Amino acid sequence: MARMTRRSWIRTNVALAGAVSAASSLPERAHATQQGRIIMSHVLSLNEPERLKLCLQMGVRHVVSTPSLNGIGPDQYEAAMRKHRDAWAEAGFTVAVYETMTPVAADNIRRGSPGRDQELRNWIAVIEAMGKVGIPVLCYNLGQGGKRTS
């Protein structure tokens, strides 16, 4: 295995930065469904202006994020997602993926307990609102956040 030196680390990262900047010459809206297209994205927060600036400089134009849907009803999901999407657009990014453990409550779904049907309706409302707003991917986890049963 080659020894990692400061010089080799810099050379590698400069080469990666060059490859990333070349990606900025791609069309602004690449479609993941087309073969051969890679969409570079990053998990970011709007509260990290230095990281946002760095990502834009590297040609990253897509973000993996999630809106806060806590405490609002299904009739408000679309408006919350539009606000979230527009805030990212103002910062120069397109929201490519919503990634979260669960965008809305799912404890009763997991357990099959009373309230499950309402939670499923809420999930359906989330997915429908995503479609209306133009967010194509939901990455979710119906597990217990790393908890396991014995």
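Analyst: Ser65 counts as buried because its relative accessibility is 11%; buried means under 20% relative accessible area, exposed means over 50%, and partly exposed lies in between, all with a 1.4 Å probe and protein chains only. The model is predicted, so local features need pLDDT of at least 70 and side-chain atom pairs count only at pLDDT 80 or more, whereas totals for chains, interfaces and linings use all residues. Residues are numbered from 1 along each chain as its sequence is written, and side-chain values use heavy atoms, with hydrogens and water left out.

Ser65 belongs to strand S2, which covers residues 62-65. Helices (H or I, at least four residues) and strands (E, at least two) are DSSP runs, numbered from the N terminus. Both faces of S2 are covered. His62 and Val64 are buried on one side, while Val63 and Ser65 are buried on the other.

The side chain of Ser65 has two polar partners to consider. It makes a polar contact with the side chain of His84 at 3.0 Å, and another with the side chain of Trp88 at 3.4 Å. A polar contact is a pair of N or O atoms within 3.5 Å; within protein, one atom must be able to donate a hydrogen and the other to accept it, and residues adjacent in sequence count only if both atoms are side-chain atoms. When neighbours within four places in sequence are set aside, Ser65 is in contact with Leu44, His84, Trp88, Val97, Tyr98 and Glu99.

The strands on either side of S2 come next. Strand S1 (residues 41-43) runs parallel to S2, and three bridges join them; two strands pair if DSSP finds at least two bridges between them. A crossover is called right-handed if, with the strands pointing away from the viewer, the path from the first strand over the helix to the second runs clockwise.

S2 also pairs with strand S3 (residues 94-99), in the parallel sense and over four bridges. The way from S2 to S3 leads through helix H3 (residues 77-91), and this β-α-β crossover is right-handed. Val64 has Val97 as its bridge partner in S3, and Ser65 has Tyr98. S3 in turn pairs with strand S4 (residues 137-139) in the parallel sense, over three bridges. There Val97 stands opposite Val137.

Helix H3 deserves a further look. Arg82 and Glu78 both lie in H3, four residues apart, about one turn of the helix. Their side chains meet in a salt bridge with an N to O distance of 2.7 Å; a salt bridge is a side-chain nitrogen of Lys or Arg within 4 Å of a carboxyl oxygen of Asp or Glu. Arg82 is partly exposed, with a relative accessible area of 31%, and Glu78 is partly exposed at 25%. Asp86 and Arg85 form another salt bridge, their closest N and O atoms being 3.1 Å apart. Here Asp86 is partly exposed at 40% and Arg85 at 24%. The structure holds five salt bridges.

There is also a nonpolar side to the picture. The largest nonpolar core has 24 residues, and those with the most contacts inside it are Tyr77, Met81 and Phe93. Such a core is a set of buried Ala, Val, Leu, Ile, Met, Phe, Trp, Tyr and Cys residues joined through side-chain atoms within 4.5 Å. H2 (49-58), H3, S3 and helix H5 (116-133) each supply at least two of its residues, and the largest share, six residues, comes from H5. Beyond its neighbours within four places in sequence, Met81 is in contact with Pro67, Leu69, Tyr98, Val126, Ala129, Met130 and Val133.

Finally, the whole chain. It has five helices and four strands, which follow the pattern α-β-α-β-α-β-α-α-β along the sequence. Of its 150 residues, 27% count as buried. Among contacts with a separation of 6 or more, 55% are between residues 24 or more positions apart.

Note on methods. Contact means heavy atoms within 4.5 Å.
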